Each structure stands twice: as structure tokens, then as C-alpha cells.
Amino acid sequence: MKKALIVWGGWDGHQPQQVAEIFADMLRKEQFEVIVSDTLETFADEELVNSLDLIVPVWTMGKIEKNQLDPVLRAVEAGCGIAGCHGGMGDSFRNEVEFQHMVGGQWVAHPGNDGVNYMVNMTIPGDPLTKGIGDFEVCSEQYYMHVDPAIKVHATTDFGSVKMPVVWTKSWGQGNVYYCSLGHQADVVAMPQTMELMRRGFLWAARG
């Protein structure tokens, strides 16, 4: 049985507890042992972090201490996966550039705020992370990200002439990193397309 840690908190507007509960239920259905925590101090437990197959941050606009962040960076580098969505991983710790380097991007804007209708387009035919999901429309925040050119893009959205990544993967040492910019609140996470993207992303990212 693989082991996952979900740590939720930060800005309440992203409904982190509700999103964490959705992810915990999803992972348990996939036969993960799931630990759910509402404190970043859990990351400081190196013995626990080193035992994980998957880390799922659900934490927006927070401040993390060095003794909390370093075990996460080392664990992912050693092979633990990390996966998350929206501001819960793409806008977690604005002052921590090494965390952003690991994630592969950072939120910078959502023009029009919430309630924007936009398309999410799959980019790689036959991609196992997106196959069968198809392009779909969402009404939510449309995230404009600063991104690492090393990411592999699996889905995009259009900002005029700019194709902005929505789903991407990358490596951090031996670890797999998965990110999806959808998920402003729990109802967007609960959309069938988002749920399937996250389910596949969690399984892909998990160690082994």
C-alpha cells in the first residue's frame, strides 16, 4: 500500500479543507494509506516525509519555515512524488523560489477573476494522463502562470495568442511532479474532468 500525505491550509477562499477531503477520498479509493494534516509542521517530521510515496499540498499563500520545506524538497528529489492543483500548489509560498522551481511554475494573475468561461485543451494525442478526457469548458479563474521551460505540457488554455499551460509534469531529481491549475474551489475540483486529471496525476506522481 502506498502512502500519501495531504497538508491543507492557507487562504480559506480556496476551500482547502473541502479539497483535501476530496483528494483523500480519491486516494483511498486507489488503495493509498492517506494522512491528512492541517499544519505545515507535519513536513518537519523527516521520518514521516521520507516514508511517503506522494505529497499533496493544498496550501495557498502561506509562509513555510526552512525546517518544514527542506524535508519536502529532499524527499521529492529522492523519489517521492508531489502533485496538486490551483493555488494549493501553484501559489503556496510566494517567497520560496526553490519550492516554485520544484513545482515548475507560479501563479501571477487571473484576469477577470472568478467566473471566466474558458476552454481547457488537451495537447498530446494518446497521452495516458489525458486520453479520453477531451477538451472541455470551465467557468472559474483562468490562471496565468510563470512557468519553467523544462515542464512537459499536457493541457493548455488560450490567453489571446498565448497558450498557457494548465496541466504539466516535470522531474525534481528522482521525483515526479504533477500540477493542474484548475480547482479554485471544491466544486471545480469535483468536476468529472478535473477529478480524472487529478486521479491520473496522483497515480503517475506516486513513487514507483
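**Loops, helices and cysteines**

Reader: Where is the place of glutamine 15?

Author: This is a predicted model, in which local features need pLDDT of at least 70, side-chain atom pairs count only at pLDDT 80 or more, and totals for chains, interfaces and linings use all residues. Residues are numbered from 1 along each chain as its sequence is written, and side-chain values use heavy atoms, with hydrogens and water left out. With helices (H or I, at least four residues) and strands (E, at least two) taken as DSSP runs numbered from the N terminus, glutamine 15 is placed in the loop between strand S1 (3–10) and H1.

Reader: What is the phi of glutamine 15?

Author: Most residues other than glycine have a negative phi. Glutamine 15 is not a glycine, yet its phi is positive. At 23% relative accessibility the residue counts as partly exposed, where buried means under 20% relative accessible area, exposed over 50% and partly exposed in between (1.4 Å probe, protein chains only). The phi of glutamine 15 is near 50°.

Reader: Which phi value does methionine 61 have?

Author: Methionine 61 belongs to the loop between strand S3 (54–60) and helix H3 (66–78). Its relative accessibility is 39%, so it counts as partly exposed. Although methionine 61 is not a glycine, its phi is positive, at about 55°.

Reader: Which residues does alanine 186 touch beyond four places in sequence?

Author: Alanine 186 lies in helix H6 (residues 186–189), and its relative accessible area of 13% makes it buried. Contact here means heavy atoms within 4.5 Å. Not counting residues up to four places away, alanine 186 touches Gln15, Gln18, Val19 and Ile22.

Reader: How far apart in space are alanine 186 and glycine 160?

Author: The two residues are 26 residues apart in sequence. Taken from C-alpha to C-alpha, their separation in space is 28 Å.

Reader: At what angle do helices H1 and H7 cross?

Author: Each axis is a line fitted to C-alpha atoms, for helices over the stretch in contact, and angles run from 0 to 180 degrees between N-to-C directions. Helix H1 covers residues 16–29 and helix H7 residues 192–205. Their axes come within 11 Å and cross at roughly 60°.

Reader: Which orientation class does the pair H1 and H7 receive from that angle?

Author: Angles under 35 degrees count as roughly parallel, over 145 as roughly antiparallel, 65 to 115 as roughly perpendicular and the rest as oblique. The axes of H1 and H7 cross at roughly 60°. That is why H1 and H7 are classed as oblique.

Reader: How many nonpolar, polar and charged residues make up the contact of H1 with H7?

Author: In the classes used, Ala, Val, Leu, Ile, Met, Phe, Trp, Tyr, Cys and Pro are nonpolar, Asp, Glu, Lys and Arg are charged, and the others, Gly among them, are polar. Ile22, Phe23, Met26 and Leu27 in H1 meet Met195, Met198, Arg199 and Phe202 in H7. By class, the contact has seven nonpolar, no polar and one charged residues.

Reader: Is threonine 194 buried or exposed?

Author: Threonine 194 has its place in helix H7. Leaving aside neighbours within four places in sequence, it is in contact with Leu182, Val188 and Val189. Because its relative accessible area is 0%, threonine 194 is buried.

Reader: Which residues does alanine 24 contact, leaving aside its neighbours within four places in sequence?

Author: Alanine 24 is part of helix H1. At 2% relative accessibility, it counts as buried. Its contacts are Ile6, Val34 and Val36.

Reader: How many disulfides does a search of the whole structure find?

Author: A disulfide is a covalent bond between the sulfur atoms of two cysteines; the search criterion is a pair of cysteine sulfur atoms within 2.5 Å. For cysteine 85, the closest cysteine sulfur, in cysteine 180, is 6.4 Å away, too far for a bond. For cysteine 139, the closest is also in cysteine 180, at 16 Å, and is too far as well. The number found in the whole structure is zero.

Reader: What is the relative accessible area of cysteine 139?

Author: Cysteine 85 is buried, with a relative accessible area of 5%. Cysteine 139 is partly exposed, its value being 44%.

Reader: Which residues does glycine 175 touch beyond four places in sequence?

Author: Glycine 175 lies in strand S11 (residues 175–180), where it counts as buried at 0% relative accessibility. Not counting residues up to four places away, glycine 175 touches Val76, Glu77, Gly79, Cys80 and Lys170.
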